[in-house]
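Visitor: I'd like to go through this complex with you. Can we put it on the screen and start with how its chains are divided?

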Amino acid sequence: MKLGNLRALLSSRFLDLLTIGVVAAFLFPYIFMVSSAFKTRLDTFAYPPIFWGFTPTLEHFENIFSDMNILFYMKNSTIIAVCSTLLTILISIPATYSFARFRFRYKEGVAYGFLFLQMVPGISIVFALFFIAGSLNLSDTHIFLIVVYLLWNVPYAIWMMRGFVEGIPVELEESAMVDGASRFKAFRLITLPLMAGGIAATAILIFIGVWNEFSVAFFLTSTEARTMPTTIAFFMTHSGIKWGPMFATATIGTLPVVIFALLVRRYFISALTFGAVKG
Amino acid sequence: MSGNRIGRRRRPPWLAPALLIIPAFLVVFALAAYSAVWLLQLSMVKLTFGDPFRTAEWAGLENYQWLLFNEFTTFWASLRVTAVYVVGTLAPELVIGFLIALLLNRKMRGNSIFTAALIIPMVLMPSMVGMVGRLYFSPYGLINYFTESLTGIRHNWYGADLALWAAVLVDIWEWTPFFILILLAGLQTLPVEPFEAARVDGASRLQSFVHLTLPLMLPLIMTTLILRLMDVLRLFDVIFVMFGGGPGTATTTLPLYIYRTTLIQRDVGRGSAASVMLIIIIVSLTVLLIKLRDRIRYEA
Amino acid sequence: MKFRFVFVLLIVALAISSFSALAQDPIEEWAAGIKDAYGGTEITVAVASHPSIEAFKTMIPRFEELTGISVTLDEMEEGQLSQRRLLEVSAESASYDAMMIAIEWSPQVAQSGYAVPLEPWIESDITPDWFNYEDILQAYRDMFLWEDGMHYGIPFAGETVFMFYREDLLEEHGIAVPTTFAEVMEAAKYFSENVDGVDGISYRARLGWEFTYMWSIFLAPFGGMMVDPETGEVALDSPGTVASLEYVRDLWQYGPVGVESFSFPEAWDAFMLGRAAIMIEASAAAPEVENPDKSLVAGMTGYSKLPAGPAGAYSGVWGWSFAMMDDSEVKEATWAFIAYLTSEGLQADYLANGGIVSRQSALGDPDLQAANPYYQATLDALGQAADLGAEGLAVVLPSPKWSQVSSIMGTEGGRAFIGEITVEEAVASMQAQVSEALAE
């Protein structure tokens, strides 16, 4: 019996270690990437790779802030991601409410219609969008990207938030309405605060999606509205790939999202899983 | 429809929900319809990218015909690459993700930190991830350092045999956590009673896993697969940055094919025709899988 | 009296000094004239990220100060610039006064009327004496020559392809510098089989334009061609084309692992990190190879013109220029800007700040040749490129359809390279697709 306990203990120890190992394996490439941002060019190419003990340098960060003006692209990314997220939520809340609380004909049909549009790959319509932007005189503008992203974000938001609203008992609203509140007031005072967590979770996922989006932004912007993820093209220069500045940009570009996602990880995971468990 | 239609003040019951949906409907469907009209039109003309649209010539279905039947078309090759890529990413992601979810589904200190850490690969910019992948998989890169230390062999990840698998490995790294987190949430909400009953009946852990856990999790597994399938089918940035579709057509998935045809060969017509086909493939596959899932769920 | 004498002397001295100031600085004299006529003008120029642009950036403040013309550079990555140009040509409107144009884009900007022919401007009064157009290598000037006999760009950065080799390794193993492609193959074989950690040869072979760029160098030496200069017919299925593609494919086994996915940075890095004995690459790599911060083989590298194939020895030219947009409303100031930056008078400044050489006066200068060991190879390779031109051939087809042609050749050639299809299948496919593209 004692032996069995020992075995159980050992195997659970083993599984603990395995868990830590697995998680470390997923983290390692990112940590190595961040560390590479502080390496000189020849250190980056060293074989065997240098994991620690190199002399860190800040030259790549100086380079991207002074020569490459990375703040400009960060500003563009922020404007586009924030505006598109806010606009998405604003448009989606009424529609979500309608899907969750009303009964009408073709409801599920319309809901699925939204969902199918969300599946359209960016790469397959980006060249059509390119011509559209040209014909509307909106090429390379923030506003065009903000609006275009709605095509994917609004259906996604409706689908996500619908689950959250349906999870709030309708009786709460009804009792408020019995007390004389209008439907809108009942929604504003009762349902909206209760779905705040769901809205936040949805907004986080949408923000991250827009912040990272590449294929649409890459072909629809050039100088004015260029976003962070598409700056990779700048590192392919005539004198080779600028790996150091690339790593520095990747670090700067991913750090806010990583910190953000870690801070709100509860919402993040609930949003991720909620959609899947409900859908 | 209650039939109570007296008086102007009484609003029809469909009005409120319709009004609420209209903004979203207008935005999304207007965008989609506008793009669709352009896309269909572009897929039926001959037009060189960079020339004014007025120089386009009507070509009917010629572009589709060329893609499907021309002797020099690499459309079919790209479909094959896409299929390998989809299966190659989703199958291991599901299996590994499930195993790790089981591993994390134990009482252990620091579990919340672990799940938080797993978020990181998912939220990184894919274009930067692709760039980093290009370096890590280079002949003298990080990955080959590990394979050489462990097995004594440096692989040619840049070669036609392995390039696609390098891209697959990057995707597995990025997106296995997605399976882990969702399946973990699923495992944690499984009902307790059937498992206790099974234990009383003397079922082994393996037996209860096969006969209880798996069937109960199946709808969720299907949903997760569907979500990922949509993403994998349209994945562009990572492969574009790592290999640009090469060597040969080894990593030319359908999105890469569209890019190459439209922007590099500057054939807007054929590129748009391929785009239409990609949309058809994604939508029909997803509909099929959703139907399948709903049937499984209904039977369960 | 004395006082008067001193006074005269002073006047004379003043006159001489002011005269000599004028005589010594024709640049300032010219700029003063420009300032009177066009001071206060604003011009916008679209450029790609490029070492020469970095050099121009250090020169522009003085230009602005001297002429009163203010310059805005819109800098972007090369692909972006290309896209921008396509967009503007298709929208039929230019938002720039001048643009940096690559040889590959030249036919399109000329044919569409997006850019203006520059001959009238070169001959105009605005052009200073110290501009010296003829000093720019002819091979470079003629990259921007269009069918109407006019030039549409002033080249400032030229590029050719030559051979890089490790002097130390070749000497150590007693191998002579290869002068034929057969010897290149032998030497590459020797190093990849006998020397640990060193591969035979490095070059770019990534699917797409990279493959076309590299392969186009090998076409003529093996008797291959894209278009027959005599008949004007597509000739990609000629025996010479097949032979050159087979050679490139066979050379592959002695290249670094992964060469089939190498773009130019990876190809250069393999050589610069000491992992290849020979490299056939763009002249633009040479300054990097000689840069000890990036390269382990600085000072150990020799440069020579390209070896000969069975049908002769040829190289090619590529390059960048400034073109002036037809829609520009301030062409005089724009031309002053172009002429100033690309002039012989400011060449020393330009080269000292890292600009890429494009003038005979610099490449032939003994001091500069001594400081830059690859100048002689550059001149030799440009001679080889001129030989190619004399045959009526070019590494870049002077056609607005070049990007399609290049893409077809790069895709099919790249597939044959890795054995996905045979060389015969590849050239048949190329022949058919290129003929179709050019016929439209």
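**Domains, contacts and helices**

Guide: In this predicted model, chain B is divided into domain 1 (15–43) and domain 2 (65–299).

Visitor: What separates the centres of domain 1 and domain 2 of chain B?

Guide: Taken over C-alpha atoms, the centres of domain 1 of chain B and domain 2 of chain B are separated by 30 Å.

Visitor: And how many residues of each are in contact?

Guide: Domain 1 of chain B puts 4 residues in contact with 6 residues of domain 2 of chain B. On the domain 1 side, the classes are 3 nonpolar, 1 polar and no charged residues.

Visitor: How is chain C divided?

Guide: Chain C has domain 1 (29–158 + 318–371) and domain 2 (161–315 + 397–439). The C-alpha centres of these two domains of chain C lie 30 Å apart. Their contact takes 5 residues from domain 1 of chain C and 6 residues from domain 2 of chain C. Of the residues on the domain 1 side, 2 are nonpolar, 2 polar and 1 charged.

Visitor: What is the mean pLDDT of chain C?

Guide: The mean pLDDT of chain C is 88, and 94% of its residues reach 70 or more. For the complex, the predictor gives an ipTM of 0.85 and a pTM of 0.84.

Visitor: On to contacts between chains. How many residues do chain A and chain B bring?

Guide: Chain A has 69 residues in contact with 71 residues of chain B.

Visitor: Which helices of chain A supply that side?

Guide: Those that each supply at least two residues of the side of chain A touching chain B are α1 (2–36), α4 (70–101), α5 (107–119), α6 (122–136), α7 (142–166), α10 (196–212), α12 (243–263) and α13 (265–278). The largest share, 12 residues, comes from α1(A).

Visitor: What's the make-up by class?

Guide: The side of chain A that touches chain B has 55 nonpolar, 12 polar and 2 charged residues.

Visitor: And how many residues do chain B and chain C put into their contact?

Guide: That contact takes 22 residues from chain B and 24 residues from chain C. The chain B side of it has 10 nonpolar, 10 polar and 2 charged residues.

Visitor: Back to the helices. At what angle do α7(A) and α10(A) cross?

Guide: Their axes come within 10 Å and cross at roughly 155°. Angles over 145 degrees count as roughly antiparallel, so α7(A) and α10(A) are roughly antiparallel to each other.

Visitor: Is the crossing left-handed or right-handed?

Guide: The crossing of α7(A) and α10(A) is right-handed.

Visitor: Which residues meet there?

Guide: From α7(A), A:Y149, A:N153, A:Y156, A:A157, A:M160, A:M161 and A:F164 meet A:G198, A:I199, A:T202, A:I206 and A:V210 of α10(A). By class, this contact has 9 nonpolar, 3 polar and no charged residues.

Visitor: Now the backbone. Is the peptide bond from A:Y47 to A:P48 cis or trans?

Guide: The bond from A:Y47 to A:P48 is cis, with omega near 0°.

Visitor: Where does A:P48 lie?

Guide: A:P48 is in the loop between α2 (41–44) and α3 (59–66) of chain A.

Visitor: And A:Y106, is its phi positive or negative?

Guide: Phi of A:Y106 is positive, near 65°, in a residue other than glycine. A:Y106 lies in the loop between α4 and α5 of chain A.

Key
Residues numbered from 1 in each chain as written. Chains lettered and ligands numbered in written order. Predicted model: local features only at pLDDT ≥ 70, side-chain atom pairs only at ≥ 80, totals over all residues. Contact = placed C-beta atoms within 7 Å. Helix = DSSP H or I, 4+ residues; strand = E, 2+ residues; numbered from the N terminus. Nonpolar A, V, L, I, M, F, W, Y, C, P; charged D, E, K, R; others polar. Domains from an automatic or database assignment. pLDDT = per-residue confidence, 0-100. Axes fitted to C-alpha atoms, helices over the stretch in contact; angles between N-to-C directions. Parallel < 35°, antiparallel > 145°, perpendicular 65-115°, else oblique. Left-handed = near helix turned anticlockwise from the far one by under 90°.
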